[in-house]
Amino acid sequence: MYNIDQKYEIIHIPESRESHGWRLITVAYVMATPNTPVYDQDTTMDCWIFEYITKGAGYLEIDGKLEHLHAGDAFMLPERGCPYRFWHDPQDPWNKLVVHATGSTLESLVRFYDIGNNHIIHNNLSMRDIFMEFLQLSHDLSTANRKSLMLFHKMIEKWQTPGQNRQTHSIEAAVKLKVYLDNTVYKKFSLQDYAANRHVSSEHLIRVFKQAYQKTPYTYLCEQRLGIAKNMLQFTNDPLKIIAERLCFTDPYHFSKVFKKYIGMAPSEYRNIMRTKSKAR
């Protein structure tokens with residue numbers, strides 16, 4: 001994208017093994033020229049598009065409406081289900097900061113914040129700083145995907161209408177808990193202790209987390225641990241006791257019980273099946 005008759009600085013973010021339903025694909029600074037073509041869903045990437053105009057002007061046609069956009073405006077384009085076109089003003093070609101992202105977490109958050117129809121925000125100069133933070137993630141690509149998820153939430157706060165801001169604190173609590181869980185796969189975790197240290201109830205955290213991710217914190221943590229367990233069963237000879245200890249299950253019996261509940265078979269059966277498949281290749 002953006003490779004025809006344009007000047008640009010574009011950084012492609014490598015896919016992370018720890019994406020967890022969120023992937024930052026590209027950040028870029030784009031300077032259109034008079035020959036830059038019109039872009040629509042057929043000529044853009046299959047992802048969500050967020051753009052902030054730093055200079056110049058352009059047009060966005062979406063939902064049957066045509067908007068003339070200027071410096072300080074930002075627009076958001078969904079991955080699917082909403083036809084659009086956008087192009088620069090030939091008399092004053094725009095410069096833009098661009099963010100491309102995808103994933104089930106992104107879609108859940110847009111839905112939870114209820115901003116899916118807020119395609120455009122006008123004259124929001126503070127949004128520029130957030131887009132610049134996205135661009136600066138290129139300084140450390142190994143952590144870009146994880147850090148970008150938190151930046152997206154900062155962006156959401158600016159994108160909401162005043163009436164939508166009441167949801168911000170709840171979704172922030174869910175996101176912070178998710179990030180904490182992502183870093184607790186190999187550690188013991190108590191939701192009660194986590195909640196008490198933040199002066200909220202565990203019931204509240206379960207409710208907001210489920211609203212954001214359609215599952216409880218416990219289920220989410222189990223899924224992350226079992227994903228690692230599946231790799232250990234397939235690619236190592238570690239006994240169940242070692243795997244259970246490393247992933248903070250009470251004992252091998254507890255590990256086997258949880259594994260069978262979520263995966264549909266015992267760990268030893270899974271190991272045998274995967275190794276049989278590997279030998280057959």
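Asparagine 123 is exposed, with a relative accessible area of 57%, where exposed means over 50% relative accessible area, buried means under 20%, and partly exposed covers what lies in between (1.4 Å probe, protein chains only). This is a predicted model, in which local features need pLDDT of at least 70 and side-chain atom pairs count only at pLDDT 80 or more, while totals for chains, interfaces and linings use all residues. Residues are numbered from 1 along each chain as its sequence is written, and side-chain values use heavy atoms, with hydrogens and water left out.

The chain holds 10 helices and 10 strands, which are DSSP runs numbered from the N terminus (helices: H or I, at least four residues; strands: E, at least two). Of its 281 residues, 46% count as buried. The accessible surface of the chain comes to about 14800 Å², and 50% of this belongs to carbon and sulfur atoms; such areas come from the Shrake-Rupley method with a 1.4 Å probe, and for residues only the protein chains shown count as cover. Among contacts (heavy atoms within 4.5 Å) between residues at least 6 apart in sequence, 70% join residues at least 24 apart.

Most residues other than glycine have a negative phi. Asparagine 123, however, has a positive value, and so does aspartate 63, which is partly exposed.
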